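Welcome! Let us take a walk through this protein together, one piece at a time.

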Amino acid sequence: MTPHSLAFYVDVVTTGTMLGVGPADSPEHVTDILGPDFAENTSGNLSMCRDYGLAEFYWHRASADHPWSGHHVTLQVHRLAHRDRTLVNDTLRARYGRFTPRLRFDKLHRLLQRRGVPLLEIPEVPVNAPYYRTFWQPDSQVAVSVIRAHGEYSTPEKLKVGDVYKIHTSMAAEEVQWRTAQAGQRPLSVGRRK
């Protein structure tokens with residue numbers, strides 16, 4: 001992993017944004033920052049996803065008359081294993097350089113720890129539990145999904161145990177508390193720092 005692409009992931013987990021844009025930003029603002037090279041999928045007039053290759057931005061709205069409201073952003077890190085150079089947006093590549101096909105969680109975790117950015121392991125949703133682990137950064141509300149075990153049709157063949165599958169922002173404390181309650185565990189103290 002190059003130091004530059006690791007810096008990208010550290011920035012995302014630490015801030016909950018990518019080049020300063022995050023889930024609350026408008027489609028126009030995201031395009032201003034990342035450029036016009038995206039695929040757009042809509043579901044009626046009420047939900048929209050813009051796929052920038054590595055990053056997917058999601059919005060929804062109450063009706064066609066209302067503005068788009070950001071919902072979440074997902075970095076599909078597992079797509080890098082296909083070694084498609086066009087996957088990483090030109091804007092990201094210009095800022096961070098080369099991205100390698102796999103992101104090892106232990107490297108990312110060590111860099112975050114050195115910067116005083118904790119990751120808490122939270123319960124996995126039952127359907128993913130045997131194959132994935134999720135770690136959460138409470139201040140930025142970013143979740144990191146990691147391969148726990150291989151499963152045919154459940155995990156990508158090109159990833160190894162310990163590789164990051166995806167990075168998701170934002171995961172609210174309420175979802176973390178819900179997952180914890182569903183798993184029958186003691187609630188985490190997940191308040192944001194001031």
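How many of the six residues of strand β6 (residues 132–137) are buried? Five of them are, so that β6 is mostly covered; buried here means under 20% relative accessible area, exposed means over 50%, and partly exposed lies in between, with a 1.4 Å probe and protein chains only. Before going further, please note that this is a predicted model, in which local features need pLDDT of at least 70 and side-chain atom pairs count only at pLDDT 80 or more, while totals for chains, interfaces and linings use all residues. Residues are numbered from 1 along each chain as its sequence is written, and side-chain values use heavy atoms, with hydrogens and water left out.

Now for the overall picture. The protein chain has five helices and eight strands; these are DSSP runs numbered from the N terminus, with helices being H or I of at least four residues and strands being E of at least two. Along the sequence their order is α-α-β-β-β-β-α-α-β-β-β-β-α. The C-alpha atoms fill a box of roughly 45 × 40 × 40 Å along the principal axes. For 194 residues, a compact globule would have a radius of gyration near 16 Å, and the 17 Å of the protein chain agrees with that; the radius is taken over C-alpha atoms, and the globule rule is 2.2 Å times the number of residues to the power 0.38. Of the 194 residues, 45% count as buried.

Let us return to β6 and look at its partners. Two strands pair if DSSP finds at least two bridges between them. On one hand, three bridges join β6 to strand β5 (residues 120–122) in an antiparallel arrangement, with glutamate 121 having phenylalanine 135 in β6 as its bridge partner. On the other hand, β6 runs antiparallel to strand β7 (residues 142–147), and six bridges join the two. There, tryptophan 136 stands opposite alanine 143 in β7. The hairpin of β6 and β7 has four residues between the strands, and glutamine 141 takes a positive phi near 60° in this hairpin.

Strand β1 (residues 39–43) is joined to β2 by five bridges, and the two run antiparallel. Asparagine 41 has cysteine 49 in β2 as its bridge partner. Three residues lie between β1 and β2 in their hairpin, where glycine 44 in the turn has a positive phi of about 60°. Next, strand β2 (residues 47–51) is joined antiparallel to strand β3 (residues 55–60) by five bridges. This hairpin too has three residues between its strands, and glycine 53 takes a positive phi near 100°.

The pairing of β3 with strand β4 (residues 69–75) is antiparallel and covers six bridges.

Which residues of helix α2 (residues 27–34) are buried? They are Pro27, Val30, Thr31 and Leu34. Because they cover an arc of only 100° around the axis, they lie on the same side of α2; the arc is that of the directions from the helix axis to the C-beta atoms. An α-helix has 3.6 residues a turn, so residues three or four places apart point the same way. The face turned away from the buried side carries the exposed residues Glu28 and Asp32. Among the elements that cover the buried residues of α2 are β2, β3 and α3 (90–96). Isoleucine 33 also lies in α2, and at 29% relative accessibility it counts as partly exposed. Leaving aside neighbours within four places in sequence, isoleucine 33 is in contact with Leu19, Val21 and Thr91, where contact means heavy atoms within 4.5 Å. Just after α2, glycine 35 takes a positive phi of about 95°.

Finally, look at the aromatic rings. Phe8, Tyr9, Tyr96 and Phe99 form one aromatic cluster; rings of Phe, Tyr and Trp (its six-membered ring) pair if their centres lie within 6.5 Å, with planes under 30 degrees apart counted as stacked, over 60 as edge-to-face and the rest as tilted. Within the model, the count comes to nine aromatic pairs. The ring centres of phenylalanine 8 and tyrosine 9 are 5.3 Å apart and their planes stand at 65°, so this pair is edge-to-face. Phenylalanine 8 counts as buried at 1% relative accessibility, and tyrosine 9 counts as buried at 1% as well.
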